[in-house]
Amino acid sequence: MKLPVVALFTGDPAGIGPELVEKLLARGDWRSQAEIRLIAQDDALLAPADVPWQDWPGRQAPSFARGQATAENGRHMLQALAHGLQLVQSGQAHAFCFAPLNKSALRQGGMHQEDELRWFADFLQHREGCGELNVLRSLWTSRVTSHVALRDVAGLLTPDKVVQAICMITDALRRSGVPRPRIAVCGLNPHNGDNGNYGDEEGRIIAPAVAQAAAQGYPADGPFPADTAFVRALREQDGYDGVVTMYHDQGQIAMKLMGFEQGVTVHGGLPCPITTPAHGTAYDIAGQGRANPQAMANAFALAARMGASRLQALSTDAP
């Protein structure tokens, strides 16, 4: 069986990314999951001889100081991200996986978007909806709003945005190999608004959106009170595959409590699979050999599964 090709970038050179990728490659189980196209500096890590290195502008960059967010490592990361996306766009790779990035360094290096997801969308000239998905083992989350002030969340909610989040997580789960995903949707207010006593967004926005998504072929349940939605998702009798949340921390707190060093971020809604560990660059332990590679391994495995689906789709579409 033909394996998908994953473009693999070592992430922020000032953080733990090179160490994570080196540990991932040393494990060896990636060989049954995908072929790799490695995007890294020559002196950043030791890689097995059968891993093809990419020639790209940053391959022979000088060493970067550990634990510092600078314009130099920001530009290095943006060059590497561009190269990885170009590999996928050109068909030389089927998915892109990268070690953690530092947003401050990216902005110093020239990123003007609010985060790397929007940078990806602009680079790919993708004008449709997109958003971060978070994955912990078999449970996925999407969110309707993301990197915004909490005071702005209620005003940003619309039925169309809730529908978009439901559709995006459902499509991503299908591409990862779950044919009929079960999706739970959170409310916004305490106790689901208590019939309007603490807010009316559940009845005015979220419930109509759930019905609208179902009418479009994307069934979901809810809205559920947010403080029990994840309990429902994890119960064997309910068994939800995904949870749609209304704002960043509504899902992130639950997911990170359940497995901080295991979670994966998927950049959902884009035309190609892109994954990364859900944790950060860990500047405080960079270069010490202490970084846990499990989330990196999980991110790579998911990129491989989604890349396999893309490979199959491309093969089916070929004349």
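This passage covers the cysteines and the largest pocket of the structure. The model is predicted, so local features need pLDDT of at least 70 and side-chain atom pairs count only at pLDDT 80 or more, while totals for chains, interfaces and linings use all residues. Residues are numbered from 1 along each chain as its sequence is written, and side-chain values use heavy atoms, with hydrogens and water left out.

Cysteines come up first. A disulfide is a covalent bond between the sulfur atoms of two cysteines. Here the term stands for a pair of cysteine sulfur atoms within 2.5 Å, and a search of the whole structure turns up zero of them. Take C186: its closest cysteine sulfur belongs to C167 and sits 17 Å away, too far for a bond.

A pocket is an open set of points on a 1 Å grid over the protein atoms alone, where a 1.4 Å probe fits, with protein on both sides within 12 Å along at least five of seven lines; lining residues have an atom within 4 Å of a point. In the largest pocket, 22 residues make up the lining, and D171, R175, G269, L270 and P271 lie nearest the centre. Helix α6 (159–175) is one of the elements that supply at least two lining residues, and its six are the largest share.

Conventions: Helices (H or I, at least four residues) and strands (E, at least two) are DSSP runs, numbered from the N terminus.
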